[in-house]
Amino acid sequence: MKEKILHLLKNSGQEFLSGEDISKEFGVTRAAIWKYINSLKEDGYRIESVSRKGYRIIEVPDSLTGEEVDEYLHTKYMGRNIVHFETIDSTNTKAKELAAGGQPEGTVIISEEQTQGKGRLGRNWTSPKNKGIWMSIILRPDIDPVKVCMVTQVAAAAAAKAIEEIGIKGYIKWPNDIVVEGKKVCGILTEMSGELDKINYVILGIGINVNLEEKDFPEELKDIATSLKIEKGKSINRKELVGKILNNFENLYESFVKEDDIEKSLDICREKSILLGKEIQIIGRNEVRKAKAITIDEEGRLVVRCQDGKEEKIISGEVSIRGMYGYVD
């Protein structure tokens, strides 16, 4: 009911809506309407109340609830069911729980803060409150399980496109990072539950440093991580960015899953790659090798030329890729 009242107030623009009219619209008492209005105020909505006129919204909070993100969505199902939290340990952990319980494809778990954000290879992810996008998407693709790793490439392409659409030039560091001005702003983590020939579900986690400031980063990350706000020089509309990511992702994901067309995503990953043509380090469990990044092949593998002149295809997994002297350089 609270969401319905909010939707009605937002659609009224700057016009006042009387408590009586709202109560008639939903068949509840004016006292109940008053309680819902107070609850919305507690959620951060500034609502003006004037005797004999009623209520109107004068300011909405910077919140990533379904109601707030909805106006930026053009999707059929991605993000149409948003499960929102103020704080949570990890959106990926919660997404796995909800996916196992039957939540449909396209459900998005999003939190204003994560206390145990998860990065690739078991790393932690700094996730301060109301400053980033910390979300996970439940997917149920009908594809061969060996192709699941390519969902990461689809997400990277969607995120890079969305960041560019808000006026920031981002690049993809294969396979799962987005970088701006040589520093990381976005990480992607894909986890699967399945069997040899069947996928139960895939959880796609996306973390973006949107409005973080220098002081929000631990000392050890300041040389390799940044935020969109730092690079743009002003705050970014998080709701708009979530919408653009989900819009782009649904389009590219459907091409991949329904039409078996990964090239749309891979073309973006190649075009926006920050590694191709550069000398890189391939960091494994027990060794560090040098090579030159040549291209990304049709299966999403990074093709490199080793120091002995031979070409090798790297599968994203238990390796990290770095520049010769730093994160990407």
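**Notebook: first look at the chain**

I started with burial: 49% of the 329 residues in the protein chain are buried (under 20% relative accessible area, with exposed over 50% and partly exposed in between, using a 1.4 Å probe and protein chains only). I keep in mind that this is a predicted model, where local features need pLDDT of at least 70, side-chain atom pairs count only at pLDDT 80 or more, and totals for chains, interfaces and linings use all residues. Residues are numbered from 1 along each chain as its sequence is written, and side-chain values use heavy atoms, leaving out hydrogens and water.

**Fold**

I looked up the secondary structure and found 9 helices and 16 strands (DSSP runs numbered from the N terminus: H or I of at least four residues for helices, E of at least two for strands). Next I checked the extent: the C-alpha trace spans about 80 × 45 × 30 Å along its principal axes. For contacts (heavy atoms within 4.5 Å), I noted that among those between residues at least 6 apart in sequence, 64% join residues at least 24 apart.

Which residues does a cis peptide bond join? I found Trp 174 and Pro 175, with omega about 0°. Pro 175 sits in the loop between strand 8 (171-173) and strand 9 (177-180).

I then looked at positive phi values. Asn 130, not a glycine, has phi near 65°; I located Asn 130 in the loop between strand 6 (124-125) and strand 7 (132-139), partly exposed at 34% relative accessibility.

Asp 260 also isn't a glycine, yet its phi is positive, about 55°. I placed Asp 260 in the loop between helix 8 (238-259) and helix 9 (263-271), where Asp 260 is exposed at 55% relative accessible area.
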